[in-house]
Amino acid sequence: MIGRLNHVAIAVPDLEAAAAQYRDTLGATVGAPQDEPDHGVTAVFIELPNTKIELLYPLGEASPIAGFLDKNPSGGIHHICYEVDDILAARDALAASGARVLGGGEPKIGAHGKPVLFLHPKDFNGTLIELEQV
Ligand code: CO
């Protein structure tokens with residue numbers, strides 16, 4: 001079902017500093033910050049040869065990243081995103097297997113303009129998984 005690793009998302013306490021570190025210290029190609037109000041984050045995308053890194057910083061009052069940073073003040077890996085061909089088929093197969101699909105199971109449009117869903121971390125070894133239809 002799952003295909004390529006689309007990205008690894010890292011919650012960061014200082015978006016500008018984290019972006020500068022990836023650009024200047026690690027020598028990566030770092031994009032401009034993008035506000036994603038539907039997801040409560042500001043994101044910076046980093047293009048690597050084989051995948052992407054997304055730096056996430058809270059946006060707005062009810063950001064899911066704010067609570068994560070409260071528990072992990074120095075930041076940390078927030079989720080990983082796998083590509084799927086058909087997000088509704090993937091959702092239905094996962095739900096049938098007993099996995100919990102977050103947000104009522106309806107895909108939202110993600111950071112790359114494609115439908116995404118999130119799976120409960122308790123069902124996947126403590127890892128929040130995002131599925132993105134490509
Ligand atoms: Co993501």
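View 1. Strands are DSSP runs of E with at least two residues, numbered from the N terminus, and two of them pair if DSSP finds at least two bridges between them. This is a predicted model, where local features need pLDDT of at least 70, side-chain atom pairs count only at pLDDT 80 or more, and totals for chains, interfaces and linings use all residues. Residues are numbered from 1 along each chain as its sequence is written, and side-chain values use heavy atoms, with hydrogens and water left out.

**View 2. The β3–β4 hairpin.** Three bridges hold strand β3 (residues 34–36) and β4 in an antiparallel pair, with aspartate 35 opposite threonine 42. Four residues sit between the two strands, and glycine 40 in this hairpin takes a positive phi near 65°.

**View 3. From β4 into β5.** Here the antiparallel pairing runs over seven bridges, and again the hairpin has four residues between its strands.

**View 4. Lysine 52, buried without a salt bridge.** Lysine 52 belongs to strand β5 (residues 52–58). The residue is buried, yet the nearest side chain of opposite charge, glutamate 47, is 5.1 Å away; a salt bridge would need a side-chain nitrogen of Lys or Arg within 4 Å of a carboxyl oxygen of Asp or Glu. Its contacts (heavy atoms within 4.5 Å) include Asn6, His7 and His112, not counting residues up to four places away in sequence.

**View 5. The cobalt site.** His7 (NE2), His79 (NE2) and Glu130 (OE) are the protein donors, 2.0 to 2.1 Å from the cobalt ion. Donors are N, O and S atoms within 2.8 Å of the metal (3.2 Å for Na, K and Ca), and water is not among the atoms, so the site may look incomplete. Histidine 7 in strand β1 (residues 5–11) and glutamate 130 in strand β9 (residues 129–133) are 123 residues apart, and both are buried.

**View 6. Strand β6 between two partners.** Strand β6 (residues 76–84) has eight of its nine residues buried. With β1 the run is antiparallel, over six bridges, and histidine 7 stands opposite cysteine 81. With β9 the run is parallel, over five bridges, and glutamate 83 faces glutamate 132.

Key
Buried < 20%, exposed > 50% of the residue type's maximum accessible area, 1.4 Å probe, protein only. Lys, Arg positive; Asp, Glu negative; His and termini not counted.
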